[in-house]
Amino acid sequence: MLGKLFKHEFKATGRHYLLMYSVFFVITLFNKLFLELSVPNNRFFSYFQNIFMLFFVLMCAAIFILSSVLVVYRFYKNLMCDEGYLMFTLPVKVGEHIIVKAVTSFVWIVLSTIIFFLSILILVCGHGLGDFFSVCSKFIQELSIYYGVQLNLFIFIYVCTFLVGILYNILQSYFAISIGQLVGKHRILASIGAYFAINFVLQNIFGFLFIFTNTIDPDLFVIDEIKKAESIIHYLNTFGIISLVLSIILTVVFYFATKLVLTKKLNLD
Amino acid sequence: MSPILECRNLSKKYGYKEALSGIDLSVERGRIVGLLGPNGSGKSTLIKLSNGLLTPTNGELIINNMPVGPETKKIVSYLPERTYLNNWMKVCDIIDFFADFYENFDKNKAYEMLKRLNINAKDRLKTMSKGTKEKVQLILVMSRQADLYLLDEPIGGVDPAARDYILNTIISNYNPDGTIIISTHLISDIEQILDDIIFIQNGTIVKTASVDDIRSQEGKSVDALFREVFRC
C-alpha cells in the first residue's frame, strides 16, 4: 500500500513542482543568454537584461515560498477537505498517509534547493567559477589543517540539521493542521494559530533550557587566537549536536501527535 | 450469521449539539436498507461514523465483527453526498486509483457502465457537470464487490430520469451477498427497491421494520408511513 500511495502522491504533487522547475529553468536560461550576449550601450537590451534579472531574483524567492505553500496546501486539501472523503476511506492506516505526504514533500523541497543552487551555478558558470571553486577548496583545506576532524564533524552536523529541519517543519505544519481541524469552523485560521502556538511554546522551553544548562564554553573569551578558534568550532559542534537530536525527537513527536489526532479525533465536516 | 453493521449505544456530539444520541442498531447481510429521516436527523453522521470520517463521542460501531479501521474500509464502499474527486484527473486515472487501492474493484465493470452512460474515460473531471461527476462517483462505488455499500443521498443531485437509471445501476450491480444502506429523504423514488427501513429523527432511531411488514401490517406505503411519523 505504501508504494501505491507514494506513486499517486508523486503524480499528484509532481505536476505543480515540475511546472515550477521548468519556469525557473527557462528564466535562468534567458538570463544566461542575456548575460553572455552583452551588447554595449544599447538601452533596449539592458532593459531586458534587468527585467530578466529581476524575474530571476523573484523566482529564487518564489521557489522556496511556493514549495512550502504547496506542502501545507496539499496536506490540507487532500486530507481535510472534500478529497479527504476519498483518502480516509481507503484501506490505509493514518500513519501511512502522514509518512507518504511528509517524505514526498521532503523530496520536493530538497529538489527545489538543488535546482536553486544549480540555476545559480548556470548563471555564474564561465565567470570566474573555476577560481571560486579553487578558492573554496583552498579555504576548506586550510580550515581542516586547523580543525581536522572537528571540521568534518561540523559539516556533517549542519548538513544533517538542514535535512532534519525540513522534515521537522513539514511535520510541525501537519500537526498544526490536524489541531486546526478539531475546531469546527475557521479551520485554516485555527491551524495557523496552532502553528504559532507550537513555536511559542517550544521557543520558550528551549530558551530556558539553554540558559539553565549554561553550555557556553569559557574558552570562548580567552585571548589566544588558536585556542579561541578551536573552542568556537567545538562550541558550535556541541550546540549543533544538541539541536540536531532535539529536532529529531520533536519531528518524531510531531508525527505521533498528528497520527493520534487524526486517528482518534478526525472530524471531516 | 453476524450482522454486517452494529451500533451499540452510539453517540456523536458536535460541540454541545447532539447529532446521534445513544443509538442501538443492527443491520443484517444481503439487504437493501433505506436510512430515512428529515434533514439534519443524523443520517450522514451515522454513515460518516461507519466510514471512520468521524469518531464517535461514545459507544461502539462494529462492521463485520471489527471496529472501523483499514480492514473494514476494504469491504465498505462509500458514496458521499459531496464530490470527493479532484479536478485534474481524467476518469481513467481515477479508475486506476480505485483499482490500485481496492482489491474488490472491477475495472471492466466500471468501463462498461461508463460506456452505457456515454461518459468518455479520457475526459477530465474538470470539464464535467456536477451531475456527470456524481454519476462517475456512483460508477466507481458500484464497481466494487463490497460487503457493505453506504450511499449517502445518491439521487439527491440528479434529474428524475437519471434517478431511475441510478437505482437500476445500484440494484443490478451490487454484490448480492452484500448490504446496501441508502440514506435519502426522497422516499417514493427508492421505495420499490427497499427490503428494510430505518426511520431516524433528532439523532434517535424511531422505527426499524421490513417493507413487507409495513405493507401487510399497517397497510401503507413507506412514503405514507414516513409522512405520518415525521408530520410537522
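Buried means under 20% relative accessible area and exposed means over 50%, with partly exposed in between. Keep that scale in mind as you move through this predicted model.

Select Cys160(A). Its relative accessible area is 21%, so Cys160(A) is partly exposed. Now jump to Cys92(B), which is buried because its relative accessible area is 11%. How many disulfides are there over all chains? The count is zero.

**Stop two: where the chains meet**

Colour chain A and chain B separately and look at the place where they touch. On the chain A side 27 residues are in contact with 25 residues of chain B. Together the two chains bury about 2,500 Å² between them, and 62% of that is on carbon and sulfur atoms.

Next, pick Asp82(A) and Arg82(B). Their side chains meet in a salt bridge, at 2.6 Å from N to O. Two salt bridges are found across the interface of chain A and chain B, and 13 residue pairs are in polar contact there, counting pairs with both residues at pLDDT 80 or more.

Which helices of chain A each supply at least two residues of the side that touches chain B? Select helix 1 (2-36), helix 3 (84-87) and helix 8 (225-264) of chain A to see them. Helix 1 of chain A gives the largest share, seven residues. Sorted by class, the side of chain A that touches chain B has twelve nonpolar, five polar and ten charged residues.

**Stop three: Glu6 in chain B**

Stay with chain B and select Glu6(B), in strand 1 (residues 5-14). Show its side chain together with that of Arg8(B): a polar contact of 3.3 Å joins the two. Leaving aside neighbours within four places in sequence, Glu6(B) is in contact with Leu25(B), Ser26(B), Glu60(B), Leu61(B) and Ile62(B).

**Stop four: a pair of asparagines**

Move along to the loop between strand 4 (58-63) and strand 5 (66-67) of chain B, where you will find Asn64(B). Asn65(B) is found in the loop between strand 4 and strand 5 too. Most residues other than glycine have a negative phi. Asn64(B), however, has a positive phi of about 50°, and Asn65(B) has a positive phi of about 65°. Is Asn65(B) buried or exposed? At 53% relative accessibility, Asn65(B) counts as exposed.

**Stop five: salt bridges in chain B**

The structure holds 17 salt bridges over all chains. For one of them, select Asp96(B) and Lys107(B), whose side chains meet at 3.0 Å, N to O. Asp96(B) lies in helix 3 (residues 91-101) and Lys107(B) in helix 4 (residues 107-116), so this pair ties together parts that are eleven residues apart in sequence. Asp96(B) is partly exposed at 30%, and Lys107(B) is partly exposed at 33%.

Finish with a network of salt bridges that links Lys207(B), Glu218(B), Lys220(B) and Glu228(B). Glu218(B) pairs with Lys207(B), their closest N and O atoms being 3.3 Å apart. Here Glu218(B) sits in helix 8 (residues 211-218) of chain B and Lys207(B) in strand 10 (residues 204-210) of chain B. Glu228(B) pairs with Lys220(B), with the closest N and O atoms 2.9 Å apart. Glu228(B) is partly exposed at 39% relative accessibility, and Lys220(B) is partly exposed at 25%.

Methods:
Residues numbered from 1 in each chain as written. Chains lettered and ligands numbered in written order. Predicted model: local features only at pLDDT ≥ 70, side-chain atom pairs only at ≥ 80, totals over all residues. Heavy atoms only, no water. Helix = DSSP H or I, 4+ residues; strand = E, 2+ residues; numbered from the N terminus. Buried < 20%, exposed > 50% of the residue type's maximum accessible area, 1.4 Å probe, protein only. Disulfide = S-S within 2.5 Å. Contact = heavy atoms within 4.5 Å. Buried area = accessible area lost by both parts, 1.4 Å probe. Salt bridge = Lys/Arg side-chain N within 4 Å of Asp/Glu carboxyl O. Polar contact = N/O pair within 3.5 Å; in protein donor to acceptor, adjacent residues only side chain to side chain. Nonpolar A, V, L, I, M, F, W, Y, C, P; charged D, E, K, R; others polar.
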